Amino acid sequence: MTPFGDALRQLRERKGVSQKEMAAAIGVSPAYLSALEHGKRGLPNFDFLQRVAGYFNIIWDEAEELFSTAGRSDPRVVVDTSGMKPEYTAFANDLARLIRQLSPDVIRDMQDILDTAKKRP
């Protein structure tokens with residue numbers, strides 16, 4: 001499951017609607033919603049995100065968070081290390097190969113490192 005899939009499922013459950021009901025209301029198939037929730041589909045497009053926000057009548061801040069979450073939820077990530085030092089390419093490949101074996105604690109630690117790096121000028 002992706003962060004967006006989890007957020008979408010939580011929205012549905014909070015509002016008490018099924019995938020089938022939501023799909024009919026926003027003009028997509030229940031199979032598509034299921035695939036999104038389970039991380040089997042790539043990023044949804046902006047039109048879809050707007051329909052979801054409208055369907056749930058969510059406020060702007062929550063819609064912005066949903067859009068941001070969708071942007072961080074591509075289950076098929078590509079990291080382009082061309083032109084970088086060899087250790088960057090090795091790290092990206094090691095991460096791709098080993099990510100399923102990392103514990104949630106290690107993932108949180110790595111996320112903390114990335115969050116700190118984002119704050120640096």
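In this predicted model, G39 takes a positive phi of about 75 degrees. The residue sits just after helix α3. Helix α3 itself spans residues 30-37. Its buried residues are Y32, L33, A35, L36 and E37. The spacing of such positions can be read against helix geometry. An α-helix has 3.6 residues a turn, so residues three or four places apart point the same way. Cover for the buried residues of α3 comes from several elements, including α1 (3-15), α2 (19-26) and α4 (46-56).

The unreviewed entry records "domain: HTH cro/C1-type" over residues 8-66. Within residues 8-66 the chain is 71% helix. Strand content over this range is 0%.

Along the sequence, the pattern reads α-α-α-α-α-α-α. The radius of gyration of the protein chain is 17 Å, well over the 14 Å that the globule rule gives for 121 residues, so the chain is more spread out than a compact globule. Taken along the principal axes, the C-alpha atoms fill a box of roughly 50 × 30 × 30 Å.

Of the 121 residues, 27% are buried. Among contacts with a separation of 6 or more, 57% join residues 24 or more positions apart. The chain exposes about 8700 Å². Carbon and sulfur atoms supply 55% of that area. As for charge, the protein chain carries 17 positive and 17 negative charges.

Helix α7 covers residues 104-119 and contains V106. V106 has a relative accessible area of 33%. Buried means under 20% and exposed means over 50%, so V106 counts as partly exposed. V106 and A31 are 75 residues apart in sequence. Their C-alpha atoms are 33 Å apart in space.

Technical notes: Residues numbered from 1 in each chain as written. Predicted model: local features only at pLDDT ≥ 70, side-chain atom pairs only at ≥ 80, totals over all residues. Heavy atoms only, no water. Buried < 20%, exposed > 50% of the residue type's maximum accessible area, 1.4 Å probe, protein only. Helix = DSSP H or I, 4+ residues; strand = E, 2+ residues; numbered from the N terminus. Contact = heavy atoms within 4.5 Å. UniProt positions renumbered as here; feature names shortened; annotations may be inferred. Rg over C-alpha atoms; globule rule 2.2 N^0.38 Å. Areas by Shrake-Rupley, 256 points an atom, 1.4 Å probe, with all protein chains shown as cover. Lys, Arg positive; Asp, Glu negative; His and termini not counted. Charge placed at Lys NZ, Arg CZ, Asp CG, Glu CD.
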